[in-house]
Amino acid sequence: YTSIQDDQICSVGKPVFIVGEGKVGYADYDVYELDDTFLATFTASYDDRFIGPTTLSVGSTTDIVEVVADTEVICIANCATSQIRRIRQVRSGLSCGGTTLLNGFTDENRYRQIFNSPETSFGQPFLADILKLESVMFGTGKAHFVEVRDNAKYKLLSEAAQKAALDSSAKLGSITTPFSATAMFTAYQSYLTIYINGITRKNYAYSFNSIGDYNYGVGVPDNQGIKQRELDIARYLIPGVQAVGDDLPINNWNRESSVFMKTNIDTTALPYPDKSPNMLSGVTSIVTDRSRFTISEIGNCGTPAKEEPIQVVSYYASLKNSVVNQWGQIYSYETIDTGYQYIINSPNPITTVFGGDTFISRFAYKTKLPFFIDNRVNAPDDSDIFYDEIGNVAYPRFWHSARSILANYSIPGQGVMANIISYKAHNFDCPNEVGTDVI
């Protein structure tokens with residue numbers, strides 16, 4: 001990026017000058033006035049919009065500082081509240097977007113269905129051209145988080161811990177006059193050694209495990225236009241990323257085999273299972289799928305392995321072929337004896353006849369979804385990996401990375417030390433109070 005003027009740009013990280021000189025800071029900031037005209041010298045700290053965390057000694061002057069938006073100037077020593085005043089806010093008005101959670105439950109996606117059956121695990125019979133919804137199955141289950149077995153463990157030293165060590169070391173270096181940089185850095189290295197040796201390696205990889213029992217069901221009613229649809233696309237999905245004739249490819253990487261179907265878009269989309277008429281009480285679903293959550297959403301940051309109740313709702317469906325002449329001419333087909341007889345004019349002619357190799361049994365299947373395309377299972381501890389760059393499903397929200405983030409540190413009265421703080425990039429679901437051991 002080349003410029004000889006002040007410009008505003010959107011960036012996911014702080015730009016670094018490769019050629020030339022300049023300053024890079026946040027476009028949104030607050031301006032504070034630190035007034036010590038009539039009182040003794042006082043010390044304050046703040047997050048400078050250009051250089052980051054800064055400590056400033058103010059004596060017999062009025063200083064104007066630019067602080068990262070929505071942060072404050074903090075009094076460290078010998079100051080009164082009236083001496084620290086925010087005098088204005090500066091906002092760029094530039095829209096850089098932001099994090100938007102993906103919505104998989106749009107009207108367009110109601111044309112698409114994924115089904116699993118025993119057939120997908122041992123063979124690929126011919127797929128049909130009509131999807132018929134037989135019933136809605138629902139039930140309860142349990143879910144919890146489990147540490148990934150044999151995953152590499154890490155020691156992650158936080159920015160806050162390093163800043164605390166620098167603060168203590170700077171105080172030690174300021175005992176003498178002039179300031180002793182040797183004493184400060186000797187103390188700082190000792191602090192880091194103590195921190196590193198005192199931190200226990202932690203496994204940051206967790207999997208979400210759940211099981212649901214579909215023990216209840218209601219039928220999908222006839223004659224309401226929500227029971228069956230002609231299929232526009234019907235394809236078997238194998239593990240991998242593949243084109244199926246739809247607008248977009250399907251990411252089925254490292255997942256189980258299943259059947260993908262898209263109903264005819266010239267018709268009304270089928271309702272979601274919990275919106276089927278027999279699942280409604282008025283306009284409210286009697287059971288809604290609640291089978292996925294993060295650790296923080298349920299308040300289990302301290303006990304991620306705690307089992308939580310869940311609810312599951314799914315369709316039970318069948319595939320039909322429309323063959324208008326499937327029987328051919330009368331008596332041209334071969335009949336078989338099922339071993340069952342009854343009187344045709346019986347007052348109760350409705351019955352079920354089992355014959356041949358028909359069987360009815362419970363059916364179970366296992367589904368999985370990897371959030372990343374690589375992992376560190378069976379890898380050495382502290383193995384580098386950039387989880388923020390290898391998401392399998394869009395952009396996972398929670399990760400850690402081997403990518404280092406550098407930050408400056410300001411020594412009161414001594415200037416700024418560039419890039420002395422270094423910590424690993426991360427975005428954890430459950431940071432704890434000190435920010436060193438997180439999930």
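Start by selecting Asp 150: at 47% relative accessibility, this residue counts as partly exposed. Keep in mind as you look around that the model is predicted. Asp 150 sits in the loop that links strand 8 (130–147) to helix 2. Now check its backbone: phi is near 60°, a positive value in a residue other than glycine.

Next, select Asn 203, in the loop between helix 3 (181–198) and strand 9 (206–219). Is this residue buried or exposed? Asn 203 counts as buried because its relative accessibility is 4%, and the cut-off for buried is under 20%.

Stay there and display the side chain of Asn 203. To see what else surrounds Asn 203, leave aside residues up to four places away in sequence: Asn 203 then touches Glu 147, Val 148, Asn 151, Ala 152 and Lys 153.

Now move to Pro 178, in the loop between helix 2 (159–173) and helix 3. Show the backbone and look at the peptide bond that leads from Thr 177 into Pro 178: this bond is cis, with omega near 5°.

For the last stop, select Asn 378. You will find it in the loop between strand 16 (308–320) and strand 17 (399–411). Asn 378 is not a glycine, yet its phi is positive, at about 65°.

Methods:
Residues are numbered from 1 along each chain as its sequence is written. This is a predicted model: local features need pLDDT of at least 70, side-chain atom pairs count only at pLDDT 80 or more; totals for chains, interfaces and linings use all residues. Side-chain values use heavy atoms; hydrogens and water are left out. Helices (H or I, at least four residues) and strands (E, at least two) are DSSP runs, numbered from the N terminus. Buried means under 20% relative accessible area, exposed over 50%, partly exposed in between (1.4 Å probe, protein chains only). Contact means heavy atoms within 4.5 Å.
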